[in-house]
Amino acid sequence: MNQNEFIAIINPFKDKLFRLAKRLLVSTEEAEDATQEVLVKLWNKNQTLDQLNSVEAMAMTMTKNYCLDQLKSKRASNLSIAHSNYTDREASLQTKVEDRDSWSWVERIIQQLPEQQKLIIQMRDIEQYEFEEIAKILEMNETAIRVALSRARKTIREYMTNTHNYGIK
């Protein structure tokens, strides 16, 4: 496989790799490093990529594993999971402030979720992966993915309801 063929295979999903890495590592620089590291590993395996059912699934799995390794390492001990690329250009200033505040709450809630639920929320609700793809990447049963996603969404919904109601019932 030559360089152009490799680029043609990788281009459709390289941004997804970066977004997953950014979700897990927060730091743009760390996410760029992780993405680059995964792409180098894929290039080193370029002769066997044609044999894979889904290069994208393998790349996402490699990215997830690399990022989790980085989070476990000493140099990444201060990193946390966050998501900060939400903007609404057409809303009023008040709506923008309220939306940012709500998104900030959602980010804080997501930070408190178990690691597996964070990944599933990222892959399903942000990256729009199908359950079958998530199951392959995370090496889990589809039913378990659905249950974990449901629990994560329920946790987020309950926290947000309590936040917006300010304790009023």
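**Ground rules.** I am working from a predicted model, where local features need pLDDT of at least 70, side-chain atom pairs count only at pLDDT 80 or more, and totals for chains, interfaces and linings use all residues. Residues are numbered from 1 along each chain as its sequence is written, and side-chain values use heavy atoms, with hydrogens and water left out.

Helices here are DSSP runs (H or I, at least four residues), numbered from the N terminus.

I then checked Ile145 for contacts (heavy atoms within 4.5 Å). Leaving out residues up to four places away in sequence, Ile145 touches Ile120, Phe131, Ile134, Ala135, Leu138 and Met140.

**Rings.** I found one aromatic pair. The test is ring centres within 6.5 Å for Phe, Tyr and Trp (its six-membered ring); planes under 30 degrees apart are stacked, over 60 edge-to-face, the rest tilted. Phe6 and Trp43 are edge-to-face, at 5.0 Å centre to centre and 75° between the planes. Phe6 is in helix H1 and Trp43 in helix H3, so the pair ties together parts 37 residues apart in sequence. For burial I used relative accessible area: buried under 20%, exposed over 50%, partly exposed in between (1.4 Å probe, protein chains only). Phe6 counts as buried at 9%. Trp43 counts as partly exposed at 35%.

I also looked for charges over rings (NZ of Lys or CZ of Arg within 6 Å of the ring centre and within 35 degrees of the ring normal). Lys16 lies over the face of Tyr129, 4.8 Å from the ring centre. Arg108 lies over the face of Trp105, at 4.8 Å from the ring centre.

**Salt bridges.** I got eight (side-chain nitrogen of Lys or Arg within 4 Å of a carboxyl oxygen of Asp or Glu). Arg153 pairs with Asp125, the closest N and O atoms being 2.4 Å apart. Arg153 lies in helix H8 and Asp125 in helix H6, so this pair ties together parts 28 residues apart in sequence. Arg153 is partly exposed at 35%, and Asp125 is partly exposed at 32%.

Glu115 forms a salt bridge with Lys118, with the closest N and O atoms 3.8 Å apart. They are three residues apart in helix H6, about one helical turn. Glu115 is partly exposed at 30%, whereas Lys118 is buried at 10%.

Note on methods. Helix = DSSP H or I, 4+ residues; strand = E, 2+ residues; numbered from the N terminus.
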